[in-house]
Amino acid sequence: MPQNQIQPLLRRPRLVILLPLLLFFLWFWTTSLFSSSSPSPMASSSLDSDTNKAPSNSSSMALPVIPPAKANEELIYESLPCIRIYKSGLVERYFGSEFTPASTDPATGVVSKDVVIDSRIGVGARLYLPKLSDESKKIPILVYYHGGGFCLGSAYNPTFHNYFNGFVALSNVMVVSVEYRLAPEHPVPAQYEDSWLALDWVVSHADGAGPEPWINKHADFDRLYLGGESAGANIAHHIAMKVASTGLGKSVKINGLAMIHPYFLGSNKVESDSIDPAASESLASLWKVVNPTTTGIDDPLINPFVAGAPKLDGLACSRVLVCVAGKDTLRDRGKLYYNKLKESGWNGELEIREAPGVGHTFHLLFPTSEEAVAQDHAISAFLNY
C-alpha cells in the first residue's frame, strides 16, 4: 500500500466491533463448509445449497483460528475476528475471501461459471444461469454487488454462492455477481470504478456480440437490473446515478434497482441508530478506514442526501425496491432513502419492504428462514415485473 494511503489510517482509532465484518464471520461460521479445492479465476467446498433446507453439516464447522499479531510488524488497525492492518501495508483477513468453485448445483440445476473482466486489476464475476426448459428464452439479468463494508467478501465466497444457487432457481433470472477490489489496499472509490467497469462489460453484450455466450443468448436487456446488499446496495445506487450522467451506450437502460439493507450514513440522527449505538459508531469509523481521504460521514458517497450530492430525481431507472430489516441499525437510513427519493420528484415506481424482527443481511445468515424466503420472493417479483 502506498504511504499516502497508509498515513491517514495511522490517525484512525482501532475498532473492536464492526457490524458488517462480524456478520461475515457469522456467515462463515453458520453456513459454510470449505475445502481446499479449485482456485478462482482471479485468485481462488462445496456447500449444500438447497434453499428448502438448512446445510446438513454446518453445525460441524470449526471456528477459524486467529493467529497472534506479527511481532515484527507495527499493527495500526485491528477488528477481531475480522481483519488486521499493519503499517507496512500488510492486511490479514480471517474469513470472507474463501472460495468455492463454480458448478452445476445438483439441488436446483442452477449452473455457474467465472469470467475475467479485467485481469490487470482483478475485476471478474460469477455468472448464474437457472435451469431453462426453453433454451431460447430471454430472462432478466441482475448485475449484483456484494456487501462487506467495502473491505471483505467475494463473489466467489461460499455464502454468496449458496445463496445465489437458491435465489436464481426461485427467480429464474441470470445473475452477474461482481468481484471488485477491496479496501484498504484499494481505497474507495476503487470499488465504484470496478463496479462500473463490470456493468460496462455486461452492456457490451446488448447487441448479442459480447465475449460471454450465456449473456448473448439469454439476457433480456429490456430487463436489466442493478442490486446489492449493504455496501453493495450503496455501490448499486451510485452506479445508477452515474448512468444518469454518462449513459450506458447501445441504447441500454437500467430497468430497476434492488437496494437490500443499504449502507448509508449521515451526521443526522435517525431512530434506528439507537438499536445498537456502538455499531452505528463503528460503521461511521469503518467508512473513514476504507476511504481515508473522505470528508466524513456526510461525504456524498456515504450520505447521498447532503448538499452537493447528485440530485436523486435523476436516478437512472424506472423502478426501485428498498428492503430493510426491523432490527438493523441501518434500517432508517434505508427508509430515508425511500422517502428522499419519493420526495425528489423522481418519476418512477418505488416500493419498500421491511422484514420485522431480524437484523442486517439476515437472509445470508438464515437463507431458509420465513422472513428470508419472503424477502427473496419480493425481490423475485420485482425482477420479473
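Select Phe-150, in the loop between S6 and H3. The model is predicted, and in it the phi of Phe-150 is near 70°, a positive value in a residue other than glycine. Most residues other than glycine have a negative phi, and most peptide bonds are trans. Phe-150 has a relative accessible area of 0%, so it counts as buried. Now select Cys-151, which is buried as well, at 3% relative accessibility. Cys-317 is another buried cysteine, with a relative accessible area of 9%. No disulfide needs to be drawn, as the structure holds zero of them.

**Helix H3**

Move on to helix H3, residues 158-171. The end C-alpha atoms of H3 are 20 Å apart, which agrees with the 20 Å that its 14 residues should span at 1.5 Å a residue. Among the buried ones are Phe-160, His-161, Tyr-163, Phe-164 and Phe-167.

**The sheet**

Show the strands next. Eight of them form an open sheet with mixed pairing, in the order S4-S5-S7-S6-S8-S9-S10-S11. Strand S4 (111-118) and strand S11 (349-355) stand at the edges; each has a single partner strand, so one side of each is left without a neighbour in the sheet. From one strand to the next, the twist averages 20°.

Select S7 within this sheet. Six of the six residues of S7 are buried, so the strand is largely enclosed by the rest of the structure. Met-174, Val-176 and Val-178 point one way from S7, while Val-175, Ser-177 and Glu-179 point the other way. On the S5 side, five bridges join S5 to S7, and the two run antiparallel. Look there for Tyr-128, which stands opposite Val-175 in S7. S6 also pairs with S7 over five bridges, but in the parallel sense. Here Ile-141 stands opposite Met-174 in S7.

Step from S6 (residues 139-145) to S8 (residues 219-229): the pair is parallel and has six bridges. Val-143 stands opposite Leu-226 in S8.

**Helices across the sheet**

**The nonpolar cores**

Which residues of the largest nonpolar core touch the most other members? They are Leu-199 and Leu-224, in a core of 77 residues. Helix H6 (residues 231-246) gives the largest share of this core, eight residues. In soluble globular proteins, nonpolar side chains tend to be buried together.

Centre the view on Leu-224 and leave aside its neighbours within four places in sequence. The residues in contact with Leu-224 include Ile-141, Val-143, Leu-199, Val-202 and Val-203. Leu-248, Val-252, Lys-253, Ile-254, Asn-255 and Gly-256 are also among its contacts. A second, separate core has 20 residues, including Tyr-128, Leu-142, Phe-164 and Leu-321.

Go to the loop between S7 and H4, where Pro-184 lies. The peptide bond from Ala-183 to Pro-184 is cis, with omega near 5°. Pro-189 has its place in the loop between S7 and H4 too. The bond from Val-188 to Pro-189 is also cis, with omega near 25°.

Now find His-261, in the loop between S9 and helix H7 (277-290). Its phi is positive, about 50°, although His-261 is not a glycine. At 1% relative accessibility, His-261 counts as buried.

**Last stop: Lys-340**

Finish at Lys-340, in helix H8 (residues 331-343). Is Lys-340 buried or partly exposed? With a relative accessible area of 33%, Lys-340 is partly exposed, because buried means under 20% and exposed over 50%. Not counting residues up to four places away in sequence, Lys-340 touches Phe-305 and Leu-312. Select Asp-313 as well: Lys-340 and Asp-313 are 27 residues apart in sequence, and 9.4 Å separates them in space, C-alpha to C-alpha.

Terms used:
Residues are numbered from 1 along each chain as its sequence is written. This is a predicted model: local features need pLDDT of at least 70, side-chain atom pairs count only at pLDDT 80 or more; totals for chains, interfaces and linings use all residues. Side-chain values use heavy atoms; hydrogens and water are left out. A nonpolar core is a set of buried Ala, Val, Leu, Ile, Met, Phe, Trp, Tyr and Cys residues joined through side-chain atoms within 4.5 Å. Buried means under 20% relative accessible area, exposed over 50%, partly exposed in between (1.4 Å probe, protein chains only). Helices (H or I, at least four residues) and strands (E, at least two) are DSSP runs, numbered from the N terminus. Contact means heavy atoms within 4.5 Å. A disulfide is a pair of cysteine sulfur atoms within 2.5 Å. Two strands pair if DSSP finds at least two bridges between them. Axes are lines fitted to C-alpha atoms, for helices over the stretch in contact, and angles run from 0 to 180 degrees between N-to-C directions. The expected span of a helix is 1.5 Å times one less than its number of residues.
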